[in-house]
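Here is a friendly briefing to read with the model open beside you.

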Amino acid sequence: MRKSILSSLLLLLFVSGIVVAQERTISGTVTSIEDGASIPGVNVLVKGTTTGTITDVDGRYRIQVGGEDAVLVFSYIGFESVEIEVGARSTIDVQMAADVTQLSEVVVTGYGTQLKTDLTGNIASVSGEEIQNVPVPSFEQAIQGRTAGVLITNQNGKVGQGIDIRIRGASSVSASNQPLYVIDGVVVTSESQSINAANTNPLADLNFNDIESIEILKDASASAIYGSRAANGVILITTKRGKVGKTKFTVGYQKGFSQPTNKVDWLDRDGYFELFDEAFANSSSDGTINGTVFGLTRAGLYDIFVPGWDDPQNFNTDWQELAFQDGQLDQIDVSASGGTEKTRFFISGQFSEQDGILTKNSFERNAGRINIDHRATDKLSFGLDFSLSRTKNNRLSTDNAFSTTLQAIAQAPVQSPFDPNGPGGLNQNTLYYNFLFHRDQSSFVTRVIRNLTNIYANYEIVNGLTFTTKFGIDLLTQNEEQFFGRNTNTGQGVGGSGTNRWVQVANYTFDNYLTYAKTINDQHDVSVTGGISYQRVRRDQTSVTGQGFPSDLFRQVASAANITAGSSTERDKIFASYFARANYKLNNKYLFGLSGRIDGSSIFGDNERYGFFPSVSAGWIVSEESFLSGLGTLSFLKVRASWGQTGNAFFTGSSAIDPDVPALGLFDGNGAYGGISGTSPSQVPNPDLKWETTSQIDIGIDFGLFEDRITGEIDYYFKDTEDLLLNVNVPGTTGFRTASKNVGNLENKGWEILLNSNNLVGEFSWSTNFNIAFNDNKITNLDGQVLTGGFINEAQEGQPIGVFVGPEYAGVDPANGDALYFLNDGTEGTTNNVNAAEQVVIGSPLPDFIGGFGNNFAYKGIELSVLLQFVYGNDVYNGGGRFQETNGDFFDNNTEYQLNRWQNPGDITDVPQARLFGGNGTAHSSRYLQDGSYMRLKTVVLSYNLPASVLSKIGMESARVYVSGQNLLTWTAYGDDGRAGWDPEVNTDFLAGNIGLGNDFYAAPQARTITFGATLGF
């Protein structure tokens, strides 16, 4: 028995010895082939088994393997996989090369990252390098034309002002159509906090030279994880971070010069008298210039409306030149980055000062950032992102104010802007208010202090399972000061007027989530994310106005003799959310994705407080199939499809609706009467009010040809939005005029095409990128309502949002010079009575397609990049045309085009006969509607990088000098042939909205800017 036991033990020891002899430990370090830096988090797998590990913070690994024929597989996002036979070695160090193909890019997604090849949704990416040093205040302007399906429109050419962004069309009639912005995982405030109708742009507070990448989540599969705020798309911004290695310093400076992209030809002194004398004669009692109009002679009318018209100095004022100025840009950027295997950092600072092309309009930004990442242990890492900026925007009045700069062109050129009877003074007797009083004796300054802070920690619970906690705050503090001197139109008669308004928006975000990622048997790749999110936004506002200042040197409200107005408000809204996402890849070719988010919000009614927003997607990498393995031309082919739902919780409301609590019944404390305080009802409750919901289907193809020398994407999408948030009329017996309800549907559908090519590779390289997007927008249900906006915009069933509705202009009657309009009553008849013509749809502000076309060239350190941006098929309604192109109807200066007016029977023209006070063709109609299509040479950059041989001698790592041009050329029919209109890219600020689209009203054109700069690295 003892022998049997002893024999068994000896046999067991022998077998174990064989096993131990076969299994051994392999260790080593994984580094980057580019810079030698260690790479943490690399997956190390014994091929054909489930045995695996990941590299630690120093890039080291240790793994057990079997025999000498074992193969180790090293893989990491953004790097090419490496396979190595173990052989007899016990130490294996590996260098990994970055995967430079576009299809292998790492793409930031909501709460994570993915390889582009593995995406089943549609995400557009723009690198920070592409937009660095573009001479504009905000990054949205810099990415214009670079992404398919993203329409970006500057409302006008004022620096620091509002920008409209539409991702795959407008999804709402009265709620917000702007996307959700997330910076380093933190939702930020992007809504204008302006005191007046001209929007400001809170995103201009961000130094976009700090940006590493921008991802735009366009379809529901990509954006549904953001739930109730993602119906308009999501823009993810990732800022730069430090890399392991020695500290690198970068210093950059640029100097820019700006001018308007276009100027309009206005009548000079001779042309003005020619047109208006003729208009007087045509309207006079005897049909000549010697007659009377309303009992007044020609001289009598001029004396009333254009005093000084007969001054012997014969003034010939170019008011347009007074409105514009030569803009300038000065910008300095400094940064330092680097770190060890334990701690990495990125620090930056910027000073930017830009004078716009309009007199007294400027924007200044001082910004600093510190991003720190620290790995405390093999399992715990944490970090801090901190940015602080201060901006100062010297602003102008809205486009609708006589005091705004470009309304100066309405003045008569025969009048002087300065007092003709005294040196140094301003003329107070111009046709309209002389804007120079505002320029010299008023101020409108908006100052913003902006702090974005994000603290995070990651803890690896077990291999592949990581817990992330993140707390972020976006604190926006804005102070607006307005002062109007005693000679301005606002301060006149009251001893000057001043207003001080303070707004603070505190936006808190607290996220906690788990991420699990694992590869099983080298066939199954699983990634699961789930967590909770809490967001609270509090907005406080205080405003006070005073009048009666000792002099114009005293501009603070504290110096006012009388406090004439004051107000304060406080608003608060909360989101509590639960989210999850799962991605599964089988055999590196079959892709599946699920995501969902439950959002609870204080905004909506008790009965609809929570909403669920799911998505499902799938993809098939067809090029991995064996039946395509022999096709050398096709290097990559993937088909994908997704469906999902997203919501819209950003209710814009109206003056009678509180957008933060539109479902509640509210009372105001302004019911005081007879000196006794009181309350009054201000808003009717609706406990059933809920989110707008957008369902979206996306079908796409991604492909690569010739080893990915050519890559592209083709997508078709269909978006249907239901339960639109609308202010609906209610019976007067309720005590209210309107109430918030969910009524209506609209849809967007379209195609997107994206192509990238590396045309030439080598010492001389040439790459091309092209994108084009077609979108068809239609309102399908408004419960029979017709909503209005802009000048003649409407939202009506069966039409795109914001269509232009009015009489259709038919030209001029050759017999008598009358303006004619189509009756549109089923006949082809015309009438000279605009009121007899039917109101019909005469145009749309929405384009048929948009896109961009870029080329990049490089040769021995010389680089040239050229970007064209285009918009086609939209119309622009120039509401200012009713004053700028009136064929002498009133004394506003007109364009030179009006000299083409009808004068004699038989004349063929589209400008009616000049008639003073005659209203001949000046009513709202398609006469003032123009084609707004354009193509613009958006950006050109020519640069030179000093060679390494020179850099080594001067002790520098890099040196780049460049010259760039922005908005260099514009091809358009808008304002062509002398018509009124400075720029087709316009949406005049005081009317800009969901329905009020494509309107022009004395709106400034974009700036053409030439910039010279240098960037040094050491």
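Strand β33 and strand β36 (residues 745-760) run antiparallel and are joined by 13 bridges. Strands here are DSSP runs of E with at least two residues, helices are DSSP runs of H or I with at least four, and both are numbered from the N terminus. Two strands count as paired if DSSP finds at least two bridges between them. This is a predicted model, in which local features need pLDDT of at least 70 and side-chain atom pairs count only at pLDDT 80 or more, while totals for chains, interfaces and linings use all residues. Residues are numbered from 1 along each chain as its sequence is written, and side-chain values use heavy atoms, with hydrogens and water left out.

**Around β33**

- Across from Glu713, the bridge partner in β36 is Leu754.
- β33 (residues 710-722) also pairs with strand β32 (residues 692-705), in the antiparallel sense and over 13 bridges.
- Ile697 has Phe718 of β33 as its bridge partner.
- The hairpin of β32 and β33 has 4 residues between the strands, and Phe706 there takes a positive phi near 55°.

**Two open sheets**

- As a reminder, strands of a sheet pair through backbone hydrogen bonds, either parallel or antiparallel.
- Strand β5 (residues 71-75) runs antiparallel to β6, with 4 bridges between them, and Val73 has Glu83 of β6 as its bridge partner.
- Another open sheet has 3 strands in the order β48-β47-β51, and its pairing is mixed.
- Here β48 (929-931) and β51 (999-1000) are the edge strands, each pairing on one side only.
- Strand β47 (residues 875-878) is joined to β48 by 3 bridges in an antiparallel run, and Asp875 stands opposite Asp931 in β48.

**Helix packing**

- Helix α5 (residues 269-283) packs against helix α6 (residues 298-305) at an angle of about 120°, with the axes 11 Å apart. Axes are lines fitted to C-alpha atoms, for helices over the stretch in contact, and angles run from 0 to 180 degrees between N-to-C directions.
- That angle makes α5 oblique to α6, as angles under 35 degrees count as roughly parallel, over 145 as roughly antiparallel, 65 to 115 as roughly perpendicular and the rest as oblique.
- The contact (heavy atoms within 4.5 Å) is made by Tyr272, Phe273, Phe276, Asp277 and Phe280 of α5 together with Arg298, Leu301 and Tyr302 of α6.

**Aromatic pairs**

- How many aromatic pairs does a search of the whole structure find? The count is 45, where rings of Phe, Tyr and Trp (its six-membered ring) pair if their centres lie within 6.5 Å, and planes under 30 degrees apart count as stacked, over 60 as edge-to-face and the rest as tilted.
- Phe483 and Phe549 form an edge-to-face pair, 5.2 Å centre to centre with 90° between the planes.
- Phe483 lies in strand β23 (residues 465-484) and Phe549 in the loop between β25 (524-547) and β26 (562-586), so this pair ties together parts that are 66 residues apart in sequence.
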